[in-house]
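Please look over the model shown here.

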Amino acid sequence: MSNQSFFPPNLYIPVTNLFRRRHLVRAIFAGIFFFLARQVYLSTTTTITTTTTTATETRNSFEPELDTQLVRCYSTVFQNLIHDGFLTLHSKTLTVGIPILEFSAALRESGITDAKYTKKNVWLPFRNHTFDVEFSSHTGLDCSQFPGQFASELSRTLKPDGYLVIHTESKDLYSLNSLLDLFDSFKLIRSREISVPHWSIQHVREIVLKKQGILRRRRSVTGECFVPAYKKKLIQNSEPLIPEEPIKPWASGKRNLKNMKYLPSMADIRFKTGYVYIDVGARGYGSSIGSWFKKVYPKQDKPFKIFAVEADKRFHDEYKSKKRITLLPYAAWVRNESLFFEINRAPNHYNEEKGKGMGRAQSAQTSTNFMGDLNKVQGFDFADWVKKSFRETDFVVVKMDVDGTEFDLMAKMVETGAICLIDEMFLECHYDPKEKCCDIEMDSKYDNGYKDCLELYSSLREKGVLVHQRW
C-alpha cells in the first residue's frame with residue numbers, strides 16, 4: 001500500500017503543498033540572507049587583485065554609476081603620492097572612507113596591485129602591521145565618532161616606517177594639533193592644502209605621517225603647563241577680563257555671558273578622544289546642566305560625559321532620573337577627608353518661588369567655625385580624580401561654584417599639574433566686595449578681594465585654560 005493511502009484524498013494534496021511551500025520559503029530566505037551577507041561584505045572590505053581591467057570592465061548591472069570626476073580626482077591624489085615617494089605600485093594599501101567604488105576605480109587606474117578599502121571608521125578587521133600605506137579620506141577620520149580608537153586602529157594595522165595619509169576638512173591649528181596628538185608615535189612629514197573639486201568640497205588639508213617607534217614629546221602634566229602659540233591666540237581672542245570690581249555683579253555677569261566666546265565656537269574639537277563636562281557645585285539639575293550647558297554651550301554634536309559634583313543630599317534624588325549624568329555625591333576638596341558644611345536654611349525670594357528653600361553650603365575645617373546648622377559630608381581630592389580620570393587628548397570643560405573653596409582647589413590643581421588637563425572653565429570667584437549696591441546686604445565672609453579673583457583668572461589663562469568669569 002502506498003503512503004498516499006494514509007491520507008484522505010481531501011487532505012493529502014494540501015499537506016504536500018505545505019511541505020513544498022516550506023521548502024520554497026526556506027530557499028527564498030536563504031537566497032536573501034546570502035545576498036545581504038555578500039552586500040555587507042562588499043560594502044565594508046574589498047580586495048583589488050588586478051590592474052589589467054578598467055573601472056567600467058569590472059562593473060556589472062547591479063552596481064551604481066561611478067562618479068567619473070571623483071575617480072579622476074582620487075587617481076590624481078594617488079598618483080601624486082606615488083610621485084612623491086609615499087606610495088608604490090606594490091605597496092600593500094588600505095583606503096578608508098566613502099565612496100568605496102570610486103576609491104576602487106582610482107586605485108586600479110593608478111596601477112596599485114594590492115589594495116583594500118573599507119568604510120569602517122572605528123575598528124578595522126585586519127591584523128597588526130598589515131599595510132605599507134593607509135589613506136583616510138575626509139569621510140574617514142573626520143567622520144569617526146571615536147577618533148581616538150580609530151587612530152589606534154590605523155596605527156595598529158600600519159607597518160613600522162609606513163605612511164599614513166589623512167585628508168581632513170578641518171583647517172584651524174587647534175584641531176590640526178589635536179589630530180597630531182592622536183598619533184604620538186608618528187612623525188609629521190607634510191601638511192598642505194590641496195584642491196578637491198567634487199561635491200561641496202573645494203579644498204582639504206592633506207597630512208602625511210610616518211610611523212616611528214619613538215613617541216612624540218607631549219606636554220607634561222606634572223609641572224608647568226606647555227601652552228602652544230595657537231592656544232595662546234585663542235585665549236587672547238576670548239572676551240577680556242573685567243578689570244574693575246563691578247558695582248552690580250549680577251548685571252555685569254549677564255553682559256559678560258552674552259559676550260563669552262566659547263572654545264568650540266572658535267575652534268574645531270572633532271579630534272579629541274573624549275568630551276567631558278564637570279559641574280562642581282552642581283546644585284539641582286536645572287541650576288546649570290539643564291538650563292545652560294545642554295541648551296547654550298556649543299557642543300558640536302559631540303557626546304559629552306557629564307559629571308555633577310554635589311555634596312548636598314537634598315539634590316541627590318533629582319539626578320537618579322537623569323540619564324547619562326554621573327553624580328559624585330561628595331564635596332570637591334584638596335584631600336580625601338570628612339568636612340563640615342554650614343547650611344543656611346533661610347530661603348531668598350527666588351528660592352521661595354521655586355519652593356526649594358535653598359541655602360548655601362560653606363566648607364569648614366571644624367564645626368566651631370559656624371553657629372548655624374551643620375552637615376557632615378565627605379570631601380574628595382578633586383585634582384587627583386581629574387588626573388586619574390582624564391587624558392590630555394580629552395576635551396574637558398569645568399564649571400565651578402564652590403563658595404570660596406575655589407582658591408584652595410585651584411592651588412592644588414596647579415601644584416599637581418591637573419590644571420593642564422582642563423581646556424575651558426567657567427569659574428565663579430567669591431570675594432568680599434568693597435562696593436555696596438542698592439541697599440542690599442552683601443556677604444563679608446571671604447578673605448579674598450576682587451583683585452585676588454582677577455589674579456586667579458589671569459594666572460589660569462596663562463596656563464592655557466580658557467577661563468570665563470561668572471557671577
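Ser-104 has a relative accessibility of 4%, so it counts as buried (under 20% relative accessible area; exposed is over 50% and partly exposed in between, with a 1.4 Å probe and protein chains only). This is a predicted model, in which local features need pLDDT of at least 70 and side-chain atom pairs count only at pLDDT 80 or more, while totals for chains, interfaces and linings use all residues. Residues are numbered from 1 along each chain as its sequence is written, and side-chain values use heavy atoms, with hydrogens and water left out.

**Ser-104**
- Ser-104 belongs to helix α4, residues 100-110 (helices are DSSP runs of H or I, at least four residues, and strands are runs of E, at least two, numbered from the N terminus).
- The side chains of Ser-104 and Arg-108 are joined by a polar contact of 2.5 Å (a pair of N or O atoms within 3.5 Å; within protein, one must be able to donate a hydrogen and the other to accept it, and residues adjacent in sequence count only if both atoms are side-chain atoms).

**Helix α6**
- Helix α6 (residues 173-182) is largely enclosed by the rest of the structure, because seven of its 10 residues are buried.
- Among the buried residues of α6 are Tyr-174, Leu-176 and Leu-182.
- At the start of α6, a side-chain oxygen of Asp-172 comes within 3.2 Å of the backbone nitrogen of Tyr-174.
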